[in-house]
Amino acid sequence: MTPRLHIILIRPEIPQNTGNIGRLCAFAGLRLHLIHPLGFTITDRHLRRAGMDYWKELDIRHHESWEAFTRAEQGPDRLWLLTTRGERSIWDAAFQAGDGLVFGNESSGVEPSIHEALADRRLVIPRFGPDLRSLNLSTSAGIAAYEALRQLR
């Protein structure tokens with residue numbers, strides 16, 4: 001079965017965030033793509049605890065690099081980059097089934113080449129506290145995923 005949406009995490013560093021996002025993906029029927037290297041081992045107890053019993057239901061793909069991900073079969077039809085450096089809101093995007101939501105890692109985001117490649121599909125989560133920089137990675141993934149799912153319902 002083709003997933004409605006894909007969540008792509010580039011070099012995630014915090015196992016609890018990845019575990020929570022894995023749980024979200026299992027719960028909502030989304031495919032999770034992990035771009036290596038990871039900042040933890042996939043057997044990390046914090047990852048498993050955050051994902052709890054949902055982990056066994058997770059549709060997950062591992063990729064050695066961004067380049068390997070872009071060449072992989074069963075990937076997204078179209079990519080959206082969630083970033084604090086975007087200008088377009090997730091509320092203004094027209095999501096389609098098969099889209100992928102790309103998230104950088106917790107400390108440094110994504111490299112400039114990915115920003116350039118996805119320049120026309122960079123999105124932000126609306127911010128109401130202008131002095132606040134960003135949300136937690138797993139919170140951001142949940143907000144963006146459910147906005148896309150709301151549009152696809």
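Here's a short tour of this predicted model, one selection at a time.

Before you click: residues are numbered from 1 along each chain as its sequence is written. Local features need pLDDT of at least 70 and side-chain atom pairs count only at pLDDT 80 or more, while totals for chains, interfaces and linings use all residues, and side-chain values use heavy atoms, leaving out hydrogens and water.

**Whole chain.** Show it as a cartoon and you'll find 5 helices and 7 strands (DSSP runs numbered from the N terminus: helices are H or I with at least four residues, strands are E with at least two). Starting at the N terminus, the order is β-α-β-α-β-α-β-β-β-α-β-α.

**The core.** Next, select Ile 7, Leu 101 and Phe 103: these have the most contacts inside the largest nonpolar core, a set of 29 residues. (Such a core joins buried Ala, Val, Leu, Ile, Met, Phe, Trp, Tyr and Cys residues through side-chain atoms within 4.5 Å; buried means under 20% relative accessible area with a 1.4 Å probe, protein chains only.) Helix H5 gives the largest share of this core, 6 residues.

**Around Leu 101.** Which residues is Leu 101 in contact with, neighbours within four places in sequence aside? Look for His 6, Ile 7, Ile 8, Trp 80, Leu 82, Phe 95, Ala 144 and Ala 145 (contact means heavy atoms within 4.5 Å).

**A second core.** Now pick Ile 8, Ile 10, Ile 35 and Val 102, which are among the 11 residues of a second, separate core.

Methods:
Buried means under 20% relative accessible area, exposed over 50%, partly exposed in between (1.4 Å probe, protein chains only).
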